[in-house]
Every structure is written in structure tokens, then in C-alpha cells.
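Let's take a look at how charged side chains pair up inside a protein. Have the sequence and the 3D view ready, and follow along.

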Amino acid sequence: MPLAPLNIPPGVVRTATPLQTKGRWYDANLIRWQAGKLLPVGGWERITSTPLSSTVRGLFTWTTPTNIPLGAIGLSNGLYALEGDAYTNITPSGFVGEETGLSGAYGASDYGELYYGLDNPVYTISTAVRSSNVVTITTATTHQFRTGTSVVIAGVTTSSFNGTFTITRTGNTTFTYAQTAANASSSGGTASLPSADIRPASAAFIPSFSWTFDNWGGDILAVASSDGRLLHFEENEATANVAGINAISSAARVSNVITYTTANNHGFGAGDTVIITGNTESTFNDTFTIATVPTSKTFTVSDSGADTTGTGGTATISPAVPSNNRAVIVTPERHAVLIGAGGNNRRVAWSSREDYTDWNFASTTNTAGFLDLDTSSQLVMCAPVREGTLIWTQDEAWLMRYIGLPYVYGIDRIGFGCGLIAPKAFATYAGRCIWMGTESFWIYDGGVVKPLGCDVGSYIFSDIDEDYGKRYTHGSENNIFPEAWFWYPSVGSNVPDKYVVYNYSEGWWSIGSMTRTAAYGAGVLRYPIAADENNNLFFQEAGWTAAGVAIETDRYAETSVINLQNGGLISFVKQAMTDSGYGYDSTQLTFYSSFTPEGTETTWGPYHPRSDGYTDVRVTGRDYRIKLAATEDAPWSVGEMRIDFMARGGR
């Protein structure tokens, strides 16, 4: 019998069972399609030689004014700069990192019944001192206990300190409790919560954490949601600087003009009001109006007095740059925009044009301003689109557009029930944006938000972990291929270990397994970059191995049920041929057959192609599935698949 084409369309279609989606690809891993051909997804090569200090939660790349490509690496506990394969800690002092121990929702029990907001932290006790019937406990690290909490003290060397007590918080590493006993001191042991007082983790209010970055010319602005401060970093600086607050290196008054030199690029402009504190020359500490800005690290003020010098202290812009922010983005009109500005969960604020330190909303001579959105939930994230800035609340989408003076920006609600599943669960491309909601995918295109049909949606949204999916799911454009990738924690995982990919040029979906905690598309760098659960950085789509480890048959595509004959007659398959553009001998075929929909499957193979491209097989059954897998880490392609079979009857 002639070879019969199977004609399987590109992309994975995943419903409840393979039988319900006949004649399609049902499962895949590290596979993509291009112009109808099935191809392997590229491998990855390690960038960093040693792991970073904590989990990577955000990545960004840009080019400096001197044409040096750099990367920003947002960690759960700090900020690093990447140049080549070397990274440098640029975390500003006082940085507040991700609160990894927090979880749990309010309202699940009676007021005061359970201790909300923590898993069960265990803190090492440095010292335990009892004086006048009051015990003072000092922990080795910052504890999260609050006044009135019951705490279990165990393992202290002097056993009389041990027990369960209601404590009073007296500091980040100290708390006290009443205990009638002789004065004593000891050490060792632990402090934890009674197991009966722990509310199990819930998906509802697990605090989300995110980094946002954007270009400010050849520099970058950044905000970590846990820290909230607007950060600025430029080439050749030792650390990122808190916008509007600068350390003073030196100051000198000559002819009634004080020149201040700052440690970092200060970002101030002539006419700005600045407050100087802590300088060794007391007459230099005051509130001044900046007269001139000779360089990015100097500014002058007029002040009469004797010529003298001073060192140290801080220069702070007034009014201050908003703190406790959620995210930052820079508009094409050169305004820095903060969402959740100043701790107001519904406020969108923007700086004066071309000045990321000027947030004087009362001024009539600048363009700084803000809008408080009339929304039922807090602001979550923002992203650039062709028409302006897309802003998400927990369940809505808004569009911020430039409208010119006197209002500068307007913000309109453009979508309901379309919030992000997690703050970074989106990917932008060509002025558009795709994101994962809680139960479906959405797309913004040309000012309109609409659902995006997903052939694997029912599988994906039932596979996401209820708790960690709402915290760590994230997305990124690929930029080598026209694809948006999304990584999510599967059920039982606390790291994103599965992915779903959408090809927005050809409209197909695929799925697979790959652990990535953050990713960023190619562009400034030749390849996309991503980080894994071990805090390593990789170039994606580079080479064909997993950083030197063989992938081989872990690259595969598997069909749903294929009926070779109408009416479900039994068939005998004796030969197969794959239309291989190249690398025909880099793949193998495995067949699965059964005689009833719920019957036990028989596995046949794997079968390997002959040198002439034919694959000899011996398979009998009524319903078939076929798995095509790579046998080596190399490029290959497969187009149409054809099968030579003969009828064996209906019994």
C-alpha cells in the first residue's frame, strides 16, 4: 500500500485525553514548529561560572553610552550588574529583599485564633537572659514575631528558659517574656511558633515580589517591590543609587559659592531644592536652591561665608522622590512613571520630563503629576505597548496615554476580569502584550484587550501550583523566534519548572519542562538569557545541550490518537517515512497501540531510520500514537510524516 500522509498540524493541542484530540500533537518537550516543520528548541550555555547569592527574579539588558552591553540581575536579596560573564554586586545600602517566609490569607478563622502571615520560622537563639522575672531573648537573625504571639523556646542550654510563652517584641532580633525564676543567662536553642497556631499556606494572599527595570538613556531605573525605592544605575558606578538621595564626597565654599561633589550621579538640576545634612562643616547643612550643575556628580549653591571645606553627609531632593513604590517604567516622552507610588496602591505618578528626581506635584513649572485610579483592587504591574503604558490591577487592565499639557497623561480602563496571575506573567512584542490570567491567556493589540485562545489552556491552568503559581509565574519574549514564553510552578513545586510557549506569528502553542526563575529576550545580547533554580545564568537557544549535559531523547513530540482507517479497523503498520529537511538520522519513532479507547497500550520501538530514510516498523492495533524523539543534540527538522499500513479487519 502507498505511504499515507498523516498531515498533523503544527502545535500541541491538549484536552482531557489523547482520544478527544485526534490527529494532533498532544505532548512535547523542547520542540517548536517553523513553516510547518518540526524542529528542536536550542540548548543553553552557562554564562556565570559561580552561582549568584540568591534566586534571580528579574533580568534586563541595555547598552551604555560607550556601547558596552550590560545586564541587570534582580535577586530576591539584591541587585547585580552583568558585564560579559562577570557580575558585580551593586545593591544599595538598606535594601529590603523578598519576604520568602510570608504566606497565608486573612479571614479563614476567628480573629486572633491563628497567627497569620508566616509558615513556621525557626530562629536560632544567640542569648537568653533572665533579670527581675523578665527573659530577654536575642535571635541570630531578624525575627518576625509580633507582640502577643505565643512562641516556643526549646533547646536553650539552661533548660529553665524553655517552654511556650506570650512575648513582647522589643526589636528586630529581640523579644521578652515574663518568667518567675532566678536571674540567669544562657545561649543556644531555637524560637518558633506552636504548630497549632500556624495557618496553612493559602494562594489568596501570598505576597508577590517583582523587579522592574527600564532605560533612562544609557542608564537604568529600577524598583524592587519589596524595597520600594526608585534606584538609578549608570556605567562605572560601584552601586545603584537611590534616586534623589546622594552621599556627599566633599564640599568646598569659595567666594560665597559651595560646590558639592556626590559619590554617584545625583540627577539634580538647576533650580531644584536640596537638603544637606551630616556634612562635617556645619554651615554646609541647610536647605538650598541649586544654582548650577557643572557635572553629573557636582552641583553648586550660593551661600555667604568664609572659604572652607567639609566632607560626608547626604544631599536629598525636596520634595522627596516617592518611596514604597511597586514598579517603574519610562515613557517615550521621557517621564519616569511609578505605579503604587508612595505606598498608595492605586496611584500612578510620573516625574517631570527628563528629570527622574523631580516629583514636585505642586509645581506649576514642571510636568510632574499623578492620578489615583478608581479601581477595586491594587495596582500590580505595567508594561510598554504601542499606544502607551499598559497597567494591571489584580483584575483589570488600564491604558495610560500621553495627552499633552495641562494634564500630561490620561488613564482609561480597557479590560475587566483580565488581571495577571503573577506580576511578571507577561511578554511584549511589536507594541503588543500577551499575559497569563488566572484561568486564561489575554492579549492587548491596538488599544483592545481580548481573550487569547489557547490549545493547551485547560491543561496549563490545572497544572499550575495554587500557591506558588500566583507568585512566581513569569513570561518573556524570545526575540530570536516570534515566541512568547511563560514559565510556571507546576503542582507541588515552589519554582517555575514547566513552560508554555505561544508562536504569535504562526499561532501554535507548545509545552514542556524547564526550570527558569527569570528570563529576558535577545536583542542587546545575541541570545535570550535566563536563570535557573540554582542561581546560574544561561544563554538560551545557544548550542544544543543543557550547558554540556546531553538532552537527546528528552526532546520529543508525541501525537494524540491516530485512526489510520475510517471506522476504527485494525491495521498493521510496517513502515514509516519522515520528511526530513536535514538530520534524518537524528530522530527515532516509538509507536503506542491499543484495540479499545480504554485498553492497555502496547509500546513498539523505538525504531531508527535506515540510511535511505525509511523506518521499518512492526505495529498492530486500532488506535495509534506516535512519539518522535531526538537521538542526538544536533539540528534537524521533520516535515510531513507518512505511514505504510495494511488493513487487518475489524475484530
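Here is a quick tour of some salt bridges in this model. Keep in mind that the model is predicted. Side chains of opposite charge can pair when their charged atoms come close. In this structure, the count comes to 19 salt bridges.

**Glu541 and Arg32**
- Glu541 makes a salt bridge with Arg32, and their closest N and O atoms sit 2.7 Å apart.
- Glu541 is in the loop between β48 (537–540) and β49 (556–559) while Arg32 is in strand β3 (residues 31–34), so this pair ties together parts that are 509 residues apart in sequence.
- Arg32 and Glu541 are both buried.

**Arg57 and Glu98**
- Arg57 teams up with Glu98 in a salt bridge, with 3.6 Å between the closest N and O atoms.
- Arg57 belongs to strand β6 (residues 56–63) and Glu98 to the loop between β9 (86–89) and β10 (123–131), so the pair ties together parts 41 residues apart in sequence.
- Arg57 counts as buried because its relative accessible area is 12%, which is under 20%.
- Glu98 is buried too, with a relative accessible area of 10%.

**Arg625 and Glu558**
- A salt bridge joins the side chains of Arg625 and Glu558, at 2.2 Å from N to O.
- Arg625 sits in strand β55 (residues 623–630) and Glu558 in strand β49, so to speak linking distant parts of the chain, 67 residues apart.
- Arg625 and Glu558 are buried.

Note on methods. Residues are numbered from 1 along each chain as its sequence is written. This is a predicted model: local features need pLDDT of at least 70, side-chain atom pairs count only at pLDDT 80 or more; totals for chains, interfaces and linings use all residues. Side-chain values use heavy atoms; hydrogens and water are left out. A salt bridge is a side-chain nitrogen of Lys or Arg within 4 Å of a carboxyl oxygen of Asp or Glu. Helices (H or I, at least four residues) and strands (E, at least two) are DSSP runs, numbered from the N terminus. Buried means under 20% relative accessible area, exposed over 50%, partly exposed in between (1.4 Å probe, protein chains only).
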